[in-house]
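Grab a pencil and work through these exercises with the structure open beside you. Try each task before you read its solution.

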Amino acid sequence: MKKILQDSIKGIIPPLVAILLAFLLGGLLMKIAGINPIVAYTSLFKGAFGSNHRIAETIVRAIPLIILALGISIAFKARIWNIGGDGQFTVGAIFAVFVALTFPLPNAILLPLTFIAAFIGGACWGGIAGFVKAKFNANEVITTLMLNYIAFYLLEWLVKGPMMDSNGHGFPQSELINEGLRLPVLLQGTRLHLGLLVAVVLVIGVYMFWRSTLGFKTEIVGQNREVAQYSGIKVNKIIVITMFISAGLAGLAGWNEMFGVHYRLLENISGGYGNLAIVVALLADLNPLGIVVSGFFFAALVTGGNTMQRMEGVPFALVDVIQGLAIIFVISRVVYRRWRDNGARTNNDNGILGKLVSRSGKNERTNSPASNR
Amino acid sequence: MTDIVVTLKNITKTFGTNVANENVTMNLKKGSIHGLLGENGAGKTTLMNILYGLYKPTTGEILLNDQRVDIDNPSKALNLGIGMVHQHFMLVRDFTVVENIVLGQETKKLRFLDLESAAKKIEDLCKKYKMKIDPYAKISQLSVGEQQRVEILSAIYSGANILILDEPTAVLTPQEVKELFQILRLMRDSGKSVIFITHKLEEILEIGDEISVLRDGKLVDTVKTKKTTKQQLTNMMVGRDVLFQFSKAEVKSDKITLKVEGLYCNNDKGLPALQGINLEIKNNEILGIAGVDGNGQKELCEILTGLRSTTDGRIWVCEQEMSDKTPKQFIQDGVAHIPEDRHKTGLVMNFSVMKNCILKEFDTGKFSKAGFLNFKAIRKAAEKIVKDYNVKTSSIEAKVRELSGGNQQKIILGREINCVPKVLIANQPTRGLDIGATEYVRQRLIKQKEQGVAVLLISADLEELIQISDRIAVIYEGKIMGILEREEIDIETIGLLMAGVKGGLVSEEDIAG
């Protein structure tokens with residue numbers, strides 16, 4: 001238990017520090033631009049946490065981000081660069097809403113069915129990329145990205161065609177799901193819905209995943225495929241399974257958004273959550289609890305940023321600046337550590353970012369002399 | 001006036017709580033080759049990285065020609081005339097030799113690269129040191145030995161008078177070693193000083209003028225090569241007498257554990273690698289496989305562990321047919337494997353010692369329950385391996401990357417033996433290990449054999465094969481040239497078979513041709 005706590009704290013501190021530094025430097029930039037950073041930040045903070053309503057809005061935004069980032073973290077840990085979160089989210093949502101609108105079943109049965117459908121929808125969409133990677137060694141960065149576009153246009157066609165709401169005055173949207181299927185609101189007068197609990201359960205689930213033998217296999221495959229084979233692991237099978245789970249989680253994020261917020265299919269429902277979730281996962285160094293922290297942070301930035309722009313006239317672009325700075329600080333942490341250890345053979349806990357930053361494995365062992373020459 | 005160019009004075013270097021060098025004092029003479037000898041992890045490379053400016057010493061000072069100097073970084077070291085050739089070369093593969101060499105230079109004066117005059121200068125240096133290097137050849141076209149010469153040239157080109165070589169012979173063939181030694185002697189005779197890091201005794205006795213021995217980060221002594229012996233150096237390195245002889249128990253059983261028949265397979269390029277291998281190993285013998293690297297040893301190992309598929313032939317383990325089974329089934333049926341490359345295949349370098357201890361068995365009831373890892377059992381097993389195999393690590397949570405080669409190998413050994421194998425495939429199990437660890441691994445292999453395991457030992461080290469094998473099969477171009485029984489084992493016969501000369505005689509085709 002103590003170990004779990006230590007691990008969690010270790011996972012949370014780095015993103016917190018990066019965020020803090022990003023705010024400090026962001027403030028300096030504002031000062032240079034002639035904006036009072038204290039006023040801006042106060043407004044940003046108020047926008048994100050100023051009232052129950054605002055807090056609820058932040059959480060509502062954080063839920064899909066966190067679930068998506070959890071999914072991405074699983075693929076990334078296996079060194080499978082699944083950047084198709086948006087597409088998998090979309091297909092998951094389509095599957096779930098389709099099931100909800102099609103089958104005349106009691107809600108108690110239908111709701112779990114939609115949940116499963118969302119997982120399968122997302123998982124199959126990502127599974128395609130996993131399968132062609134395992135079978136033909138197709139680069140998943142390209143396939144998942146391309147599948148995103150297919151998913152977007154599929155959704156657009158559906159909401160303008162077969163699934164269009166006949167009473168919707170021509171709006172590109174599906175019918176509403178029945179009220180009994182909608183996730184109950186947790187806090188009266190806000191949009192905060194039961195999806196929060198689902199997210200919490202999924203965080204715990206992913207935490208458990210890394211303690212399972214399947215999670216261990218995934219991790220080994222991510223570290224070194226040759227060792228994985230040597231250990232008796234079927235690498236291709238793990239690649240497909242990993243993509244399946246990763247994308248299935250993205251599908252669940254879509255389910256949450258449908259059944260907790262929109263209650264129907266609309267155009268562009270993923271709204272770029274997928275890309276932001278990659279940043280969330282990386283900022284957290286793929287640690288599940290870190291993902292919660294960084295997910296809330298980005299959700300708060302977006303929610304608060306809108307208010308800040310409206311109230312104080314500080315451009316929303318500042319939010320992008322702070323996001324970018326946070327990432328830079330996370331990466332600098334890795335670089336700093338390298339520099340401090342100055343060629344020491346160990347590269348402790350650099351985590352996924354360390355691997356992204358590092359060059360070839362050969363140089364890693366003797367480390368930096370190449371750059372010193 | 002003194003002929004000492006560099007003095008390392010009371011150098012101590014610590015990494016956290018880990019002491020890499022403790023109070024080391026060493027003198028380097030002008031125009032001499034100074035051997036730095038020690039086991040892996042003794043602190044040789046750390047000490048030299050301090051001299052080369054890659055590390056800062058925690059305490060102590062460096063004197064260059066009696067002047068105190070602070071060497072903060074390698075470019076400062078180069079300015080002071082100190083060059084270093086690392087174990088892994090720092091060359092840009094797609095650049096030519098001259099481009100690589102100029103790359104390492106100060107560009108203050110050279111606004112435009114004058115490659116022609118640089119190439120000219122390189123050619124002169126080549127002539128002086130009797131090297132054959134085409135300045136316009138791309139690095140990727142050069143052999144490992146030639147790349148090393150480019151590194152040496154690069155250091156000399158930038159005016160190094162002191163050259164540090166880190167395990168330079170580890171990657172060379174015997175012929176290339178000879179050439180390297182010739183170059184080093186020429187350098188010494190022209191007044192340059194060379195520090196030669198190694199753990200190979202024969203080499204340093206051949207080339208060195210003086211030898212400093214490090215053990216556990218401390219300087220044991222510096223001796224003149226002429227006044228020392230192999231045995232004395234070994235004792236200094238290891239701190240005790242080393243057993244170079246092993247007793248071989250008689251092979252009593254005649255139960256055949258591993259049998260292969262008519263094995264054929266292709267290599268990664270799709271060319272035939274094995275061409276009809278027949279072997280039998282009894283349940284308490286060590287069968288050694290001798291052969292020049294690349295004659296099918298790697299493929300044989302991979303087939304016997306399920307990692308590569310055969311094009312023809314059959315395999316039995318304890319009379320059970322294993323052909324076409326998966327790596328996992330091989331593991332389950334009792335085939336353990338010490339792979340050739342522990343970094344690439346045997347260990348996950350970024351994982352903890354603990355996790356590496358269970359790579360083969362994490363899926364079994366031993367370490368998991370209902371699909372979840374049983375960390376309590378894993379911890380216990382890892383602690384046992386660390387204790388039983390005498391692995392030097394700060395804890396079982398430490399990353400394997402942080403351990404020395406010998407300790408990494410002990411983890412693999414412990415893990416594989418803990419699987420209670422029937423067959424143990426050991427491919428180059430002592431490559432790159434120091435004397436202590438080598439001896440330990442060999443003893444463990446013998447112990448396994450005594451416990452009834454069939455051991456297949458593939459080694460490039462003939463002495464090792466002769467020491468511990470009961471029989472030796474010689475492989476050449478994917479065929480077994482001959483199997484020598486214990487009383488027939490003789491280094492010259494093996495050598496001839498390795499060269500493809502059947503039965504010690506020139507083959508008929510050769511006569512006909």
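**Exercise 1.** Work out how strand β13 of chain B is joined to strand β21 of chain B.

Start with the bridges: β13 (residues 286–290) and β21 (residues 471–476) of chain B share four of them and run parallel. That makes a pair, since two strands pair if DSSP finds at least two bridges between them. Strands are DSSP runs of E, at least two residues long, and helices are runs of H or I, at least four, numbered from the N terminus. Now pick a spot: Leu287(B) sits opposite Arg471(B) in β21(B).

By the way, this is a predicted model, where local features need pLDDT of at least 70 and side-chain atom pairs pLDDT 80 or more, while totals for chains, interfaces and linings use all residues. Residues count from 1 along each chain as its sequence is written, and chains are lettered from A and ligands numbered from 1 in the order written.

**Exercise 2.** Place the strands of the open sheet in chain B in order and find its edges.

First, the order of the six strands is β16-β19-β20-β13-β21-β22, with mixed pairing. Next, β16 (335–338) and β22 (479–484) of chain B each have a single partner strand, so one side of each lacks a neighbour in the sheet.

**Exercise 3.** At what angle do helices α4 and α5 of chain A cross?

Take α4 (residues 85–102) and α5 (residues 107–136) of chain A: their axes come within 7 Å and cross at roughly 145°.

Conventions
Axes are lines fitted to C-alpha atoms, for helices over the stretch in contact, and angles run from 0 to 180 degrees between N-to-C directions.
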